[in-house]
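Please look over the structure shown below before reading the notes.

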Amino acid sequence: MNVTTALAPKTVPGAAFGKIVLNEARLAWRQPFGLAAGVGFPLVLTVTFGELPKFRQPQAGFGWLTEFDVYVPVLAVFAITILAIWSLPVPLASYREQGILRRLRTTPVPPSWLLAAQLVIQLCLAVTGLVTVFVVSGAAFGVPESPGALVAASALAIAGLFPLGLVPAALARTAGTASVIGRLAFFPLMFFAGLWLPRPLMPGLLRDISDYTPVGAAAEILQDSMQGQLPPAAPLLALAGYALVFSLLARRFFRWE
Amino acid sequence: MNHLPAAAAAAREAGWPGVDGGSAVEITHLRKAYGNVLAVDDVSLSVAEGEIFGILGPNGAGKTTTVECAIGLRAPDAGTVRLLGLDPQADRDEVHQVVGVQLQASVLPAKLRVGEILDMYRSFYRHPADMEELIEALGLAAKRRACYGSLSGGQRQRLSVALALIGRPKIAVLDEMTAGLDPQARRDTWNLIEGVRNRGVTILLVTHFMEEAERLCDRVALIQSGRIVALDTPAGLTARASGGKQVRFWPSAPFGDGLLLGLPEVGSVERDGKHVTVTGSGELVNAVILALAAAGVTARDVQLDSSSLEDAFVRLTGRHPHQEGALS
């Protein structure tokens, strides 16, 4: 089956995709894990860090940025990552576990529409999470911003990090497995993004490793764009590489049952 | 050619659409193995339009695999499947517009409401059924705003049947559609299915319930170890498998076995205590009672045992329909 027919079988009414997205949105609202983890929690951390006086002092170690300035992109990466690797795969794995994907294969709608609808929902949550973090940090705590560059960098970070979650979404047989994978991957990723030790303070080797993790690369791009700088090529290439590899893996190993 | 069921013939005479007497389902030499295990081995069957066709067999006999190949969920290793002339693998999109499926053990998201689920599935089809009518017919009207997670097993099952019918299919494939229903709900569902068939829909029914097959099916295929061991009307199957009819009575006076054994209808005579059991065929009861009366004996407490489809199932497969365990 080629891509065109997979995406738009000519016999399915076009309204069907909208109805699927609508029901996925209802579920995301009634079981608000993604809303809490991808929007609520980053908002709480932004406000908490912003209120700490120690975080508001410009420091030489951060190139005269405040610790808060360094944390804002980390919180943005937090929002994207938790949605991508935890909030996205769990419902899809549960659809697989409960036979919902299988059931859908007996209808004119390709089950990939359910995957696409979940992506739409989680991407909307990610955009909401990022807007919340950047608007609150910019408006309330005066973090220097360069809006145009930040929007572009956010889009790159989302496009680069979401494919990480496509692999567990494609493979996990049960919601339980997807949840465990999400948990096990999330905390190390957040370490390399600089949630516990800001990236500028990481010792040389650790910093080098962080630069080449997808989350470190995304944090770097966001940080640079916030300061109005053009990010170097290395993190952009790293992020694009991860996106490509994980997308291909997910596509190759996707299972319906 | 196959026996054409009476209802389909009547529908055809009435000139109803969708019933032209052709084959709705045509399976020829179907074969499917999982690794070394041969699940379906050379199954061929043909279901006429407007027919209710039952697939019976013990657990693990290959019923579900046959159905999964028929609806395109699995690709056959060999053989062909045609649904209204369409190949479920190659013409997937078109097949799924005209074939409604109810799968065993599939659930839906717990936090979606019944109305929301039906509305979404309805949008998948070009010519969907009337939602109100379907909700009403399946007794789900009061549950429209209830979340799927709060439904009872029977209500979930009825919603699942509703989803199979919401696209107004020409063929409905129902796998254990009344499993978990109470007797009243089961009878309501049977009435609904008869109503659907009377509109010309062909129904392929996988079932454990012999009563269901007897009540609904025009013909049944009995599958065992991946092969069809019998294919007939429920009555034909019953007659074929039963050892004949049995009459049991209490004679008013002693008589010799020879009195009855001489009759062409009688096969055997057995006695236990005062009771006599006569096995035979044809107009057995009349023949026995007349012969006894001629000898001055009255038969009291006459019981006629007619065997059921369930007996036929047990005789043909050596197993009880509800018995667990896969065959090797």
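The model is predicted. Two packed helices are described by the angle between their axes and the distance between the axes.

**Helices α8 and α12 of chain A**

- Helix α8 of chain A covers residues 147–171, and helix α12 of chain A covers residues 233–253.
- The axes of these two helices lie 8 Å apart, and the packing angle is about 25°.
- Angles under 35 degrees count as roughly parallel, and α8(A) and α12(A) are therefore roughly parallel to each other.
- The crossing in which α8(A) passes α12(A) is left-handed.
- On the α8(A) side, the residues that meet α12(A) include A:Leu156, A:Ala159, A:Gly160, A:Pro163 and A:Leu164.
- On the α12(A) side, the residues that meet α8(A) include A:Leu239, A:Tyr242, A:Phe246, A:Ser247 and A:Phe253.
- Sorted by class, the residues of the contact of α8(A) with α12(A) are 17 nonpolar, two polar and no charged.

**Helices α5 and α8 of chain A**

- Helix α5 of chain A spans residues 89–97, and its axis comes within 8 Å of the axis of α8(A).
- The axes of α5(A) and α8(A) cross at roughly 15°, which makes α5(A) roughly parallel to α8(A).
- The crossing of α5(A) and α8(A) is right-handed.
- From α5(A), the residues A:Pro89, A:Leu92 and A:Ala93 take part in the contact, and they meet A:Gly165, A:Pro168 and A:Ala169 of α8(A).
- The contact of α5(A) with α8(A) has five nonpolar residues, one polar residue and no charged residues.
- A:Ala169 of α8(A) is listed in the contact with α5(A) and also in the contact with α12(A).

**The sheet of chain B**

- Chain B has an open sheet of three strands, in the order β2-β1-β4, with antiparallel pairing.
- The edge strands are β2 (37–48) and β4 (78–83) of chain B, and each of them pairs on one side only.
- From one strand to the next, the twist averages 15°.
- Strand β1 of chain B, residues 23–34, pairs with β2(B) in the antiparallel sense over nine bridges.
- B:Glu26 stands opposite B:Ser46, a residue of β2(B).

**The helix across the sheet**

- Helix α2 of chain B, residues 63–70, lies across β1, β2 and β4 of chain B.
- The direction of α2(B) is at about 120° to β1(B).

Notes
Residues numbered from 1 in each chain as written. Chains lettered and ligands numbered in written order. Predicted model: local features only at pLDDT ≥ 70, side-chain atom pairs only at ≥ 80, totals over all residues. Axes fitted to C-alpha atoms, helices over the stretch in contact; angles between N-to-C directions. Helix = DSSP H or I, 4+ residues; strand = E, 2+ residues; numbered from the N terminus. Parallel < 35°, antiparallel > 145°, perpendicular 65-115°, else oblique. Left-handed = near helix turned anticlockwise from the far one by under 90°. Contact = placed C-beta atoms within 7 Å. Nonpolar A, V, L, I, M, F, W, Y, C, P; charged D, E, K, R; others polar. Pairing = 2+ DSSP bridges.
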